[in-house]
Amino acid sequence: MTKQATTESGTLATLQEIHAEVARHVDVPVRWDRARKRYGSAHWRLDTRTRETTASLSFSRVLWPHMSPAERRNTILHEVAHILAGHLEGHGARWRQIHIGLGGDGKRCGAIDIPVEAVRPKYLGTCPSGHQAARMRMTARSQKVSCRKCAPYFSEKYLITWVQQY
Ligand SMILES: [Zn+2]
Ligand SMILES: [Zn+2]
């Protein structure tokens, strides 16, 4: 019986599991971020005094619950490959080769189109014509907006009515 890669490293759902997977390849700190347009990111910080560069990885706490263990693993390896390939490499041939070598698909992170339902917006809005809008945050000021599809500029006539979801 052969074990699958996903069972060996669990479902990669927690930061601890993610860090364990990362640590098999590279020793960098790992944290969550609040990104909604990408799954993960590699960061480099240059200490201007010591001239030393420190790398770290962050992953989207928002999108993670909506990803499969295979997608999570591919994303982790994607970012690990960025660290191994170096800051300037981007998604070049060397990065691609490393990502594939680690077991990734070698594809660069394209634009992620997450359906509105997937990120569970806290506020859902409707304009008088029935257009839908979604928000994660709301302030007293940002609450009073009109529908962009109905009116290019602010218009009291097309105010969006917001309903808090949770
Ligand atoms: Zn990338
Ligand atoms: Zn509208």
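In what order do the strands of the open sheet with antiparallel pairing lie? Select β4, β5 and β6, and you will find three strands in the order β5-β4-β6, where helices (H or I, at least four residues) and strands (E, at least two) are DSSP runs, numbered from the N terminus, and where two strands pair if DSSP finds at least two bridges between them. This is a predicted model, in which local features need pLDDT of at least 70 and side-chain atom pairs count only at pLDDT 80 or more, while totals for chains, interfaces and linings use all residues. Residues are numbered from 1 along each chain as its sequence is written, and chains are lettered from A and ligands numbered from 1 in the order in which they are written.

Stay with this sheet and colour its edge strands, β5 (132–135) and β6 (161–164), each of which pairs on one side only. Neighbouring strands here are turned by 25° against each other on average, direction ignored; axes are lines fitted to C-alpha atoms, for helices over the stretch in contact, and angles run from 0 to 180 degrees between N-to-C directions. Next, select β4 (residues 123–126), which pairs with β6 in the antiparallel sense over four bridges, and look at G125, whose bridge partner in β6 is W162.

Now move to the other open sheet, whose three strands stand in the order β1-β3-β2 with mixed pairing. Its edge strands are β1 (30–33) and β2 (40–47), each pairing on one side only, and its neighbouring strands are turned by 35° against each other on average, direction ignored.

Finally, show α3 together with helix α4 (residues 93–102): their axes come within 9 Å and cross at roughly 130°. The two helices are therefore oblique to each other, since angles under 35 degrees count as roughly parallel, over 145 as roughly antiparallel, 65 to 115 as roughly perpendicular and the rest as oblique. To see where they meet, select residues including L77, V80 and L84 in α3 and W95, I98 and L102 in α4.

Methods
Contact = placed C-beta atoms within 7 Å.
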